[in-house]
Amino acid sequence: MEIKYERKANQSFMVMEGEPCDLGYEEQMLRQNEVKILLSFYTIEINRHIEYWHDITGKQSLRDYLEREGLTPEILNQIVLYLGIAYEELTKYLISQQHIYVTADTVFVEQEGRDIALFFCYRPYRNMAVQEQLISLWEFFLTIVDHKMEEFVKLCYELYDVITRGNFTMEGIQERIQEFSQSQNSLPKPNIEQPYVEKVELKRKETEDNDMLEELEIEDESKENMDVFQILRDAFQTMWKHIQILKEKNKVKFIPEQEAEDDYIYDPEEDYSRPTVLLHGGEDLCVGKLLYEGSGEEEDIIINKDIFRIGSRDTDNDAVLHSSGVSRHHARILKQGDSYFLEDLNSTNGTFVNGKQLNYKEKLKLEIMDQIRFADALYRVV
């Protein structure tokens, strides 16, 4: 199934194309009750097809979360406990457990400190049995678990075998993980009771108006600077092409205006290297630089990793920004071949390249002189 991501103002959505179906009693329950464990959504009908727009503002997919944090007994315990909460909530509202779409890309995480909240995607037009849901998750877990944690790896395969054979209960899986955690002296069971979900929802509502105002101010600033930056970028690229052509001829002649009588010849044998390398090239260690162009407290960014993370949290980002508009995990830069791509991580106030806002999971190739804005933190690719 194709999934796309869209932004509207300060909201972010996961969009899936579905089929018309009779929701019956479930539709009535969803209209009358806010099921907090589900992503809020609305539908749009287009040419006898229905698009489901799930609100994922401020959240990250389980895939992105685990690729960053890693799978540990503590985190696995939290995920399984939240699955149990989800199944209980759906039963309470008489909604089929088979109508949630459980994969690493359709379960979303919202984090506060060490506590997390999981939110699930409602998909009534195709049944997905609980066993199928768990197999989908566990097959992903097995691809990312650190095989240096030998005992934990054995536990993951043990549980996968139990699930595939079908002789399991959610309580039994939870008990087995907690037994393992206690035997390994793991961290205590986290507090992920339902009030945390309510606290997250309340916090979002309190900050919604402020986020919208900040976004409008950021947009105005970008529009004022775009024309000038575009002219500079075009001029720089043209000049760079000419230099490359002349270098091919092994001779570049520069005649300064004030000293026209003297010739300055470029010798191709002499060192003409730059202190940093552009965001492309074939070197083993390709280093790029983002030059800070704002008036705040940020610093220039040196990109020296294949996966380079940018955000405000100082424990797991490669570049830490201090602006209050920057999300804890805001964006990342990925090296693919000899090119670098920028990807937004569903940040609250967005990531922009030359004024264009990136959708969640959209990768955009970076070019020299591109202007990048992480919320209100402005940078230039050099």
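**Chatting through rings, helices and a sheet**

Trainee: How many aromatic pairs are there by the ring rule?

Mentor: The count comes to 13 aromatic pairs, where rings of Phe, Tyr and Trp (its six-membered ring) pair if their centres lie within 6.5 Å. Keep in mind that this is a predicted model, where local features need pLDDT of at least 70, side-chain atom pairs count only at pLDDT 80 or more, and totals for chains, interfaces and linings use all residues. Residues are numbered from 1 along each chain as its sequence is written, and side-chain values use heavy atoms, leaving out hydrogens and water.

Trainee: Is the pair of Y52 and Y125 stacked, edge-to-face or tilted, and why?

Mentor: Their ring centres are 5.2 Å apart with planes at 45 degrees, so the pair is tilted; planes under 30 degrees apart count as stacked, over 60 as edge-to-face and the rest as tilted.

Trainee: And where do Y52 and Y125 lie?

Mentor: Y52 is in strand 4 (residues 49-55) and Y125 is in the loop between strand 9 (121-122) and helix 4, so the pair ties together parts 73 residues apart in sequence. Helices (H or I, at least four residues) and strands (E, at least two) are DSSP runs, numbered from the N terminus.

Trainee: New topic: which residues of helix 2 meet helix 4?

Mentor: L62, R63 and L66 in helix 2 meet L137, F140, F141 and I144 in helix 4, with contact meaning heavy atoms within 4.5 Å.

Trainee: What about the sheet, in what order do its strands come?

Mentor: Three strands form an open sheet in the order 5-7-8, with antiparallel pairing; two strands pair if DSSP finds at least two bridges between them. Five bridges join strand 7 (residues 108-112) to strand 8, and F108 has F119 in strand 8 as its bridge partner.
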